[in-house]
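This briefing concerns the fold of one chain and the way it meets its partner. Please consult the sequence and the coordinates alongside the points that follow.

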Amino acid sequence: MKLKNILIAAALAAVTAVSADAQVGRRWYIDAGWQFNGTFANNFVENASGWGAYLEGGYWMLPHVGVGVFGSFNTNNEYIPKATYDLGNGAALTTDMAHSLFQIPFGAEMRYRFSYRVFQPYVGAKVGAEYSEATRYMSTFGLYDRSWGFYVSPEIGFTVHPFRKSNFGFQLAIYYSYATNRHEALNINGINNAGFKLGLSF
Amino acid sequence: MNRKILFAAVMAAICAVSCQKMPSKVDADGECLVYTAHSENTDFSGYSTFTIVDSILVIGDNMYSSYLKNSFAAEMVASVKSMMESRGYEYVDLDNKDNADLGIQMSYVTDTEHFVGYVGGYSDPWWWLGYPGYWSPGYWGSWNSWYYSYPVTYSYSTHSLLVDMVDLTAQEGENESLPVLWNCYIDGGVSSGSRYDAMLLENGIEQAFSQSGYLSKN
């Protein structure tokens, strides 16, 4: 009898939660905006760049839990001043150069929001694939290498929805990501990123 | 609905791919890329004299040899000659080339249609056969052909300067080949043939010798 009461109470609580969710806006979300990305812990490009953007969207399966998809891109460039390189076998090369790392990760994401009111802080995780292109530009030459890898990224941020009759709002988040991409010819074995993103939330 | 989502995804992908940011050329120092290579088995102090062809072979879009002999060519030749003399080698004029230990020939690429793009290691030491009008070993003496005596790896682009140094003390004969002992490749994307371009190439020649410290009589 006691167990039966508990089950009834739990069922009522669940129904109440779903009912409450229906009052907090749309069940889906779309976020898009500008992404500032820094690459580090590699021997190719270690700097930060604002040449990037992101797009992500999902569905709130539960009031606090959403699942969706994402995609983003970033380019990080680094200028290498003129130097002379010993190429072995009696060869040498003198030039300045620029290193460029272009990344496009995409895949699935899961998000947990702590609130579904005006201010909605959340934590999330992304998993998927990453396409990357590493290029070494020298004079009139460009040596490039393309790669695919596995991508994972934890994220923490918030969205703000200040308008009473609209789901429109703003988003700010910081993230770390790691991709398993390898560019052996250019001495890259795994790509670490960290950055923030600033955008609109619908 | 699915078609709209698919369309949006494709458009986003196209946008992402097209948004790759190229490095700014403003950051580049504007100097030439300089590649040099040499035979590590060669003792360059064992040579005493050199000569240099007073014209520059133009590697263009036709199948025939043509040579440049103007103020631009004279500046390039003078620059190489000066660097060789600064390394202790004695210049011998072309009329007495039989007395020279080393011979230097220069080429200027204006078109890559008949010229190979990339060679790695010893896989193809005869890369220059891709251009029928390339230098003939017969110019230097009675050699059957000539070859690089070490691995060469580079890719040519238009408006680049090539310098080859051959060993004129090598055994001559119908079945003998003339070895190249040192070469350099200078590329800076020059195109207008201006005074500034000539200066860039001259700086490149200086750099080529600077990174070839072994190239010395002393």
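pLDDT is the predictor's confidence in each residue, on a scale from 0 to 100. The model is predicted, and its scores are ipTM 0.81 and pTM 0.76.

**Confidence**

- The average pLDDT of chain B is 80, and 74% of the residues score at least 70.
- Over residues 116-123 of chain B the pLDDT stays under 50. For this stretch the model has 14 contacts beyond four places in sequence.

**Overall fold of chain B**

- Chain B contains three helices and ten strands, and their order along the sequence is α-β-β-β-α-β-β-β-β-β-β-β-α.
- Of the 218 residues in chain B, 37% are buried.
- When contacts in chain B between residues at least 6 apart in sequence are considered, 76% of them join residues at least 24 apart.

- Strand 9 of chain B is mostly covered, with eight of its eight residues buried.
- In a regular strand the side chains alternate between the two faces of the sheet.
- In strand 9 of chain B, B:Ser160, B:Leu162, B:Asp164 and B:Val166 point one way, while B:Leu161, B:Val163, B:Met165 and B:Asp167 point the other way; all are buried.
- Strand 9 of chain B pairs with strand 5 (residues 102-109) of chain B in the antiparallel sense, over eight bridges. Within strand 9 of chain B, B:Leu162 is the residue opposite B:Ser107.
- Strand 9 of chain B is also joined to strand 10 of chain B, again antiparallel, by seven bridges. Here B:Val180 in strand 10 of chain B stands opposite B:Val166.

**Helix 3**

- Helix 3 (residues 195-210) of chain B has 16 residues and reaches 23 Å from its first C-alpha to its last, close to the 22 Å expected at 1.5 Å a residue.
- Its buried residues are B:Leu201, B:Glu202, B:Gly204, B:Ile205, B:Gln207, B:Ala208 and B:Phe209.
- These buried residues of helix 3 of chain B pack against elements of both chains: strand 5 of chain A, and strand 1, helix 2 (71-86), strand 9 (160-167) and strand 10 (173-187) of chain B.

**Contact with chain A**

- On the chain B side, 29 residues are in contact with 26 residues of chain A.
- Helix 1 (2-18) and strand 1 (33-38) of chain B are the elements that give two or more residues to the side of chain B that touches chain A. The largest share, six residues, comes from strand 1 of chain B.
- The residues on this side of chain B comprise twelve nonpolar, eleven polar and six charged.
- Strand 1 of chain B runs antiparallel to strand 5 (residues 91-113) of chain A, and four bridges join the two. One of the partners in strand 1 of chain B is B:Thr36, which is bridged to A:Ala92.

- B:Gly30 lies in the loop between helix 1 and strand 1 of chain B.
- Is B:Gly30 buried or exposed? B:Gly30 counts as exposed because it has 12 C-beta neighbours inside 10 Å, and a residue with 12 or fewer is classed as exposed.
- The C-alpha atoms of B:Gly30 and B:Gly188 are separated by 7.3 Å, although the two residues are 158 residues apart along the chain.

Conventions: Residues numbered from 1 in each chain as written. Chains lettered and ligands numbered in written order. Contact = placed C-beta atoms within 7 Å. Nonpolar A, V, L, I, M, F, W, Y, C, P; charged D, E, K, R; others polar. Pairing = 2+ DSSP bridges. Buried ≥ 20, exposed ≤ 12 C-beta atoms within 10 Å, placed from the backbone. Expected span 1.5 Å × (residues − 1).
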